[in-house]
Structure formats: structure tokens, C-alpha cells
Amino acid sequence: MDFNYFGLGQSFEVYDFKDKQRSVTAYVNYMLNRVMSMFEYKGLPDTIPQKMIELYIMINGHSVIIEHNDELYVCFGSWGGEPDMYYVPRNYIVANPYLNLFKTFEIGKDCVLAHNDSLYYGLMPMFQRYATMLVENDITMRMVDINSRITALIDAKDDSTYESALKYLSDIEAGENGVIASQAFFDGIATQPYGEHNFQVLTDLIEYHQYTKASWFNELGLNSNYNMKREAITSNESQLNDDMLLPLIDDMFNCRKIWIEQVNEMFGTDWSIEWSS
């Protein structure tokens with residue numbers, strides 16, 4: 001369908017719910033857009049956009065801050081070298097064709113390890129898990145929604161009755177009065193009720209969808225009500241999940257404060273980080 005949106009001539013397609021990979025990617029990207037604004041950096045050089053730091057460490061779990069040709073950059077790569085006594089890698093391998101940089105850096109000496117969380121895990125495993133759950137539920141809700149259009153199954157005993165039934169349904173769909181012209185039509189068809197419980201199933205699926213989405217938000221530290229009561233809830237009930245919001249986002253914030261201090265010490269910068277609104 002073509003739709004001229006403010007003169008842009010944008011063409012919109014019917015969304016393919018069966019394309020699970022595309023749907024999961026969309027859910028993950030939209031969530032990344034949300035969490036990108038959780039923190040606010042100050043003092044960053046022009047060579048290091050805040051967006052790239054957050055993308056690298058949220059997606060990969062880790063990256064490094066390096067100095068190259070008298071400029072600071074953030075680069076992602078992989079672990080390397082012999083680990084220390086606690087089996088923590090001591091080197092970081094960077095390959096950046098644009099900078100013509102292919103080098104192994106020693107962490108703490110040549111570079112600062114920037115990490116999203118204490119285990120350098122990143123957010124992608126969580127994002128992919130919840131996005132997959134939501135996509136599967138989207139497909140189920142769509143199937144239930146479509147099946148809800150069927151109120152009864154029509155059984156036609158012969159071709160003539162079949163054609164009459166199609167004509168009757170076509171007239172109804174077109175907004176016209178359906179007319180049954182013969183007794184043979186009544187005698188030639190049988191109906192079976194269908195989809196009587198679809199409404200309740202759809203309600204349950206919507207509640208599951210809201211619960212899954214709220215759980216995803218809450219794990220990140222974004223407050224989203226997951227109370228499934230269908231009656232009015234008190235203010236205390238709406239705040240039951242406040243205490244569980246803190247651990248992950250606090251760990252993410254503390255990790256950033258640690259490696260930002262290390263950057264300031266190694267490169268003489270004046271970086272800082274704060275909570276965003």
C-alpha cells in the first residue's frame with residue numbers, strides 16, 4: 001500500500017509475522033533505542049560518540065579505549081594472550097581497517113577495558129530471549145485473532161449449495177443483505193459452532209504479552225507494572241517491584257564509573273557519567 005506521508009511517498013507493506021528473525025531483530029533494536037538513553041556521558045572527545053560506546057559494550061559486553069595517532073577511540077575486539085592467576089585475559093585484540101590498526105593491546109597498560117557489567121556479558125542474551133518470547137506470542141495472537149473471524153463452519157453437501165453459501169457470505173462481507181432463495185439451501189448445509197473460546201484465549205495471550213514485556217523492562221531496571229490483577233490496585237501494590245529493579249542497572253552504572261576513572265588516570269581526560277532522566 002502506498003501512502004504519501006507528509007509528501008515523503010513512503011510505501012508501507014503488510015507486516016510478515018511469520019518472519020521471526022526480522023521480528024526479533026526489530027524488538028531488540030527498539031529496546032536498544034530505549035536503553036541507550038539510560039546514562040549520560042560528559043567530556044567525551046569528538047572521536048568517541050556516546051552512542052558507539054554504549055552499542056559496543058551492550059552488544060558485545062566489552063570494548064577498549066585506546067589512543068591511536070594522538071586521538072582516543074573506542075574499539076571492540078576479542079580476548080587474547082595468557083590469562084592472569086584468576087584466568088582473566090590480559091590482552092585485547094583489535095582489528096580496525098579504517099584506522100589501519102591491527103594490534104594486541106595489554107589491558108591496563110596500553111588500553112582501558114570498557115565493560116557493560118561485571119561479567120562482561122552484555123545485554124544480547126537477555127534481549128534475544130525476551131524478544132523471541134514476544135515474537136512467538138505475537139504469532140499466536142495473530143492466529144487467534146484471525147480464527148476469531150470464523151463463528152461457524154459451514155458444511156455444503158453439493159456444488160449448488162456450496163456456490164449459494166459462497167454467494168451468501170460474499171454479500172454479507174460486501175455489506176449487503178444476504179438473501180437465501182430456496183429451501184434447498186437450508187436442507188443442503190450444516191453448521192458447527194467454532195471459536196467460542198477465542199476471546200478468553202486472546203485475553204490470556206495479551207496478559208502474557210504484557211507480563212513478558214514488563215519482566216524484560218524490570219530486569220533492565222526500567223519500571224513497568226506487571227501486576228496481573230484485573231481490579232484496581234493500590235499504590236503499594238504498584239510499587240512492589242521497585243526493589244528488584246536496581247541490581248543490574250546499578251552494576252552497569254558502577255562498571256562504567258570504574259573504567260571511566262581508569263580512562264581519566266591513563267589518558268589524563270576528564271570524563272564523567274551520570275544517570276539520564
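**Close-up views of the predicted model**

**View 1. Helix 2 and its buried residues.** In helix 2 (residues 50-60), the buried residues are Ile53, Glu54, Tyr56, Ile57 and Met58. Buried denotes a relative accessible area under 20%, exposed over 50%, and partly exposed the range in between, with a 1.4 Å probe and protein chains only. Helices (H or I, at least four residues) and strands (E, at least two) are DSSP runs numbered from the N terminus. An α-helix has 3.6 residues a turn, so residues three or four places apart point the same way. Gly61, which follows helix 2, has a positive phi near 90°. The model is predicted: local features require pLDDT of at least 70 and side-chain atom pairs pLDDT 80 or more, whereas totals for chains, interfaces and linings use all residues. Residues are numbered from 1 along each chain as its sequence is written, and side-chain values use heavy atoms, with hydrogens and water left out.

View 2. Glu54 and Arg256 form a salt bridge, their closest N and O atoms lying 3.1 Å apart. Because Glu54 belongs to helix 2 and Arg256 to helix 8 (residues 246-267), the pair ties together parts that are 202 residues apart in sequence. Glu54 is buried at a relative accessible area of 0%, and Arg256 also counts as buried, at 0% relative accessibility. A salt bridge here is a side-chain nitrogen of Lys or Arg within 4 Å of a carboxyl oxygen of Asp or Glu. By this rule the model contains five salt bridges.

View 3. The closest N and O atoms of the Glu274 and Lys42 salt bridge are 3.4 Å apart. Glu274 lies in strand 10 (residues 272-275) and Lys42 in strand 1 (residues 39-42), so this contact ties together parts that are 232 residues apart in sequence. Glu274 is partly exposed, with a relative accessible area of 36%; Lys42 is likewise partly exposed, at 37%.

View 4. Side chains of Glu219 and Arg129 meet in a salt bridge with an N to O distance of 3.4 Å. The pair links distant parts of the chain, with Glu219 in helix 6 (residues 198-220) and Arg129 in helix 3 (residues 124-147), 90 residues apart. Glu219 is partly exposed at 31% relative accessibility, as is Arg129 at 43%.

**View 5. Strand 7 and its pairing with strand 2.** Strand 2 (residues 62-68) and strand 7 run antiparallel and are joined by four bridges; two strands pair if DSSP finds at least two bridges between them. Ile65 has Val112 of strand 7 as its bridge partner. From strand 7 (residues 112-115), Val112 and Ala114 point one way, while Leu113 and His115 point the other way; all are buried.

View 6. Strand 4 and strand 5 are paired over four bridges, and Ser78 has Ile93 in strand 5 as its bridge partner. Met85 lies in the loop between strand 4 (77-80) and strand 5 (91-96) and counts as exposed, at 62% relative accessibility.
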